[in-house]
Amino acid sequence: MKAMAVSTFGPSEVLTLMEMENPSAGPGTVRVRVKAAGVMPFDCRVREGTISYVRNKPLPIIPGNEFAGVIDQVGEGVEGFEAGMEVLGFSLFNSYAEYIVVSADQIVTKPPYMPWDIAGGLSGNGQGAHMALKAICIGHGDTVIIHGAAGGFGTWACQLAKRWGAKVVIGTASEANHDYLRSLGVIPVHYGEGLVERVRAIAPQGVDAALDAAGAEALRASVELVPDKKRIRTMVASETADELGVPALEGMRSAARLQELTDLYEEGAVRIHLRQTYPLALAQEAHRLVETGHGRGKVVLTL
């Protein structure tokens with residue numbers, strides 16, 4: 001099979017199109033012929049080797065932790081899935097490839113009318129936002145600020161927060177993405193110096209919770225705005241979180257969580273904006289785009 005993999009850690013250029021042996025489904029697993037794979041900031045850190053447990057994995061490594069495709073092999077003991085079924089799912093690695101083998105509890109059935117590129121990019125950001133908002137206990141009447149609100153993760157977080165009853169959702173974003181946030185029912189606010197004052201002017205009643213997908217400065221602003229640090233989480237600034245006493249995000253992706261998100265999409269309750277799609281061979285360009293930051297929506301590889 002063809003796969004985009006890294007045989008050494010480094011910049012986007014280390015991603016290389018390789019011929020690799022096809023994996024086979026074993027007990028409790030299925031093999032999926034991948035149609036689309038989402039590109040996540042986590043994948044960029046895998047490529048760079050900046051995650052300790054990744055550096056201990058044998059090379060080459062195939063990045064990619066969300067995918068959609070068609071089952072073509074079913075291992076012994078798997079129930080509820082069969083060859084030919086269209087699915088979407090998650091895995092820490094191996095999605096940037098023509099085939100992936102995963103446990104049957106890491107996939108759900110793809111809705112018939114969900115486009116492949118949407119399906120391939122749904123699991124990672126959607127489940128991350130779901131876990132983070134559960135952790136900060138978003139509920140009816142809350143005022144919440146979401147940093148990096150226009151990205152793939154932020155888009156999910158904004159929509160789920162409103163779905164779960166948040167009264168006011170404030171989203172930090174660049175000027176070019178303000179109208180997009182307004183279309184989601186979010187109050188946009190500029191990044192940068194004076195952010196705390198701008199948010200206080202928008203929400204004089206105070207901010208109940210914060211979710212950071214932008215970085216250390218946004219997290220520091222969140223600590224100034226939110227009285228209870230237990231209601232703050234960051235997806236990107238773990239060292240700053242430790243320094244400030246903000247709890248680490250805990251939780252696991254699951255098929256049940258993914259099914260809930262898939263059902264919301266099928267109901268029309270959430271929408272996913274695609275920023276750009278690339279063929280698998282252009283994964284280097286996809287990584288460079290993701291690493292620019294502040295982009296609107298999701299980047300996806302198609303096969």
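## A tour of loops, helices and spaces

Start by selecting Asn 94, in the loop between strand E5 (86–90) and strand E6 (99–103). Helices (H or I, at least four residues) and strands (E, at least two) are DSSP runs, numbered from the N terminus. Residues are numbered from 1 along each chain as its sequence is written. This is a predicted model, in which local features need pLDDT of at least 70, side-chain atom pairs count only at pLDDT 80 or more, and totals for chains, interfaces and linings use all residues; side-chain values use heavy atoms, with hydrogens and water left out.

**Two backbone details**

Asn 94 is not a glycine, yet its phi is positive, about 80°. Next select Leu 59 and Pro 60: the peptide bond between them is cis, with omega near 0°. Pro 60 sits in the loop between helix H2 (52–55) and strand E4 (66–74). Most residues other than glycine have a negative phi, and most peptide bonds are trans.

**H4 and its two partners**

Select helix H4 (residues 123–135) and helix H10 (residues 255–267), whose axes come within 10 Å and cross at roughly 105°. Axes are lines fitted to C-alpha atoms, for helices over the stretch in contact, and angles run from 0 to 180 degrees between N-to-C directions. H4 is therefore roughly perpendicular to H10. Angles under 35 degrees count as roughly parallel, over 145 as roughly antiparallel, 65 to 115 as roughly perpendicular and the rest as oblique. The contact (heavy atoms within 4.5 Å) involves Ser 123, Gly 126, Gln 127, His 130 and Met 131 of H4, and Arg 257, Leu 258, Glu 260 and Leu 261 of H10. By class it has three nonpolar, four polar and two charged residues. Here Ala, Val, Leu, Ile, Met, Phe, Trp, Tyr, Cys and Pro count as nonpolar, Asp, Glu, Lys and Arg as charged, and the others, Gly among them, as polar.

**The cavity**

Where is the largest cavity lined? Select Gly 121, Asn 125, Gly 152, Thr 155, Trp 156, Ile 272, His 273, Gly 297 and Lys 298. On a 1 Å grid over the protein atoms alone, a cavity is a set of points where a 1.4 Å probe fits but cannot get out, and a pocket is an open set with protein on both sides within 12 Å along at least five of seven lines; lining residues have an atom within 4 Å of a point. The volume of the largest cavity is about 40 Å³, where a volume is the space filled by probe spheres set on the grid points, which are joined across faces, edges and corners. Helix H5 (residues 152–163) gives the most to this lining, three residues.

Finally, select helix H7 (residues 195–202) and helix H8 (residues 216–225), which pack at about 45° with axes 10 Å apart. H7 and H8 are therefore oblique to each other. Their contact is made by Leu 195, Val 196, Val 199 and Arg 200 of H7 and Ala 221, Glu 224 and Leu 225 of H8.

The second largest pocket holds about 240 Å³ of space. Among its 15 lining residues, Gly 192, Leu 195, Glu 217, Ala 218 and Ala 221 are the closest to its centre. H8 supplies the largest share of the lining, five residues.
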